[in-house]
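Me: I have a new structure to read. Can you take me through it, feature by feature?

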Amino acid sequence: MTKIPFELAEWIGGLPVHRIAIFLAIVLMYLIAGCFIEVLPLIMLTVPIFFPVIVALGFDPIWFGVIIVLLAQIGLITPPVGVSAFVVAGVAKDVPLETIFRGAAIFLPAMVICIIILMIFPQIALFLPNLMK
């Protein structure tokens with residue numbers, strides 16, 4: 001049972017698909033799952049599976065962690081489980097939840113652009129960790 005993530009990583013790494021396509025599929029899975037599962041359970045359930053895959057594909061683990069945090073933040077503001085929106089709704093009781101979700105939606109394109117920039121230029125996320133080597 002404990003070898004499943006590593007065998008899955010080996011199987012996915014052996015697929016005749018470019019490594020960026022596999023990474024984009026992982027990102028898409030996080031975006032969809034983030035809409036329905038809270039952040040901590042999502043990370044606890046998926047990182048043990050996807051981390052060996054990411055390492056086997058040759059991506060930097062720190063960079064992957066930064067991407068996961070951004071994807072988790074997207075999950076915090078997207079309905080139906082957007083926890084941050086419900087927190088704001090609890091504080092601002094006179095503002096309808098739909099208005100809060102619409103207000104948070106303007107941050108989605110910015111976060112997606114950040115993820116795209118980090119995918120193109122991973123050195124941005126690795127600048128400070130590389131200084132510590």
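Reply: Start with a definition: helices are DSSP runs of at least four residues, strands are runs of at least two, and both are numbered from the N terminus. With that, the elements of this protein run α-α-α-α-α-α-α-α from the N terminus on. Keep in mind that this is a predicted model.

Me: How many helices and how many strands does the protein have?
Reply: The count is 8 helices and 0 strands.

Me: What box do the C-alpha atoms fill?
Reply: Along the principal axes, that box is roughly 55 × 40 × 25 Å.

Me: What share of the residues counts as buried?
Reply: A residue is buried when its relative accessible area is under 20%. Of the 133 residues here, 31% count as buried.

Me: What can I learn from contacts between residues apart in sequence?
Reply: Take the contacts between residues at least 6 apart in sequence. In this protein, 68% of them join residues at least 24 apart.

Me: Now the helix pairs. At what angle do α3 and α4 pack?
Reply: Helix α3 covers residues 39-56, and helix α4 covers residues 61-77. They pack at about 150 degrees, and their axes are 11 Å apart. Angles over 145 degrees count as roughly antiparallel. Therefore α3 and α4 are roughly antiparallel to each other. The crossing of α3 past α4 is right-handed.

Me: Which residues make the contact of α3 with α4?
Reply: From α3 come Val39, Ile43, Phe50, Phe51, Ile54 and Val55. From α4 come Pro61, Phe64, Ile68, Ala72 and Leu76. By class, the contact of α3 with α4 has 11 nonpolar residues, no polar and no charged.

Me: How do α1 and α3 cross?
Reply: Helix α1 spans residues 4-13. The axes of α1 and α3 come within 8 Å and cross at roughly 40 degrees. That makes α1 oblique to α3. Here too, handedness can be read: α1 passes α3 in a right-handed crossing.

Me: Which residues of α1 and α3 make that contact?
Reply: On the α1 side they are Pro5, Phe6, Leu8, Ala9 and Ile12. On the α3 side they are Pro48, Ile49, Pro52, Val53 and Ala56. The contact of α1 with α3 divides into 10 nonpolar residues, no polar and no charged.

Me: And at what angle do α4 and α8 pack?
Reply: Helix α8 covers residues 123-131. It packs with α4 at about 125 degrees, with the axes 9 Å apart. The two helices are therefore oblique to each other. Their crossing is right-handed. Ile62, Trp63 and Val66 in α4 meet Ala125, Leu126 and Pro129 in α8. The residues of the contact of α4 with α8 are 6 nonpolar, no polar and no charged.

Me: Let me try single residues. Is Thr46 buried or exposed?
Reply: Locate the residue, then check its accessibility. Thr46 lies in helix α3. Its relative accessibility is 9%, so Thr46 counts as buried. Leaving aside neighbours within four places in sequence, Thr46 is in contact with Met29 and Tyr30.

Me: Where is Ile37 found?
Reply: Ile37 sits in the loop between α2 (19-34) and α3. With a relative accessible area of 34%, Ile37 is partly exposed. Ile37 and Pro48 are 11 residues apart along the chain, and their C-alpha atoms are separated by 16 Å.

Me: How many disulfides does the structure hold?
Reply: It holds 0 disulfides. A disulfide needs a pair of cysteine sulfur atoms within 2.5 Å. The sulfur of Cys35 is 18 Å from the closest cysteine sulfur, in Cys114, so it is too far for a bond. Cys35 counts as buried, at 19% relative accessibility. Cys114 counts as partly exposed, at 37%.

Me: What should I look for in the peptide bonds?
Reply: Most peptide bonds are trans. The bond from Pro79 to Pro80 is cis, with omega near 5 degrees. Pro80 lies in the loop between α4 and α5 (83-91).

Note on methods
Residues are numbered from 1 along each chain as its sequence is written. This is a predicted model: local features need pLDDT of at least 70, side-chain atom pairs count only at pLDDT 80 or more; totals for chains, interfaces and linings use all residues. Side-chain values use heavy atoms; hydrogens and water are left out. Axes are lines fitted to C-alpha atoms, for helices over the stretch in contact, and angles run from 0 to 180 degrees between N-to-C directions. Angles under 35 degrees count as roughly parallel, over 145 as roughly antiparallel, 65 to 115 as roughly perpendicular and the rest as oblique. A crossing is left-handed if the near helix is turned anticlockwise from the far one by less than a right angle, and right-handed if clockwise. Contact means heavy atoms within 4.5 Å. Ala, Val, Leu, Ile, Met, Phe, Trp, Tyr, Cys and Pro count as nonpolar, Asp, Glu, Lys and Arg as charged, and the others, Gly among them, as polar. Buried means under 20% relative accessible area, exposed over 50%, partly exposed in between (1.4 Å probe, protein chains only).
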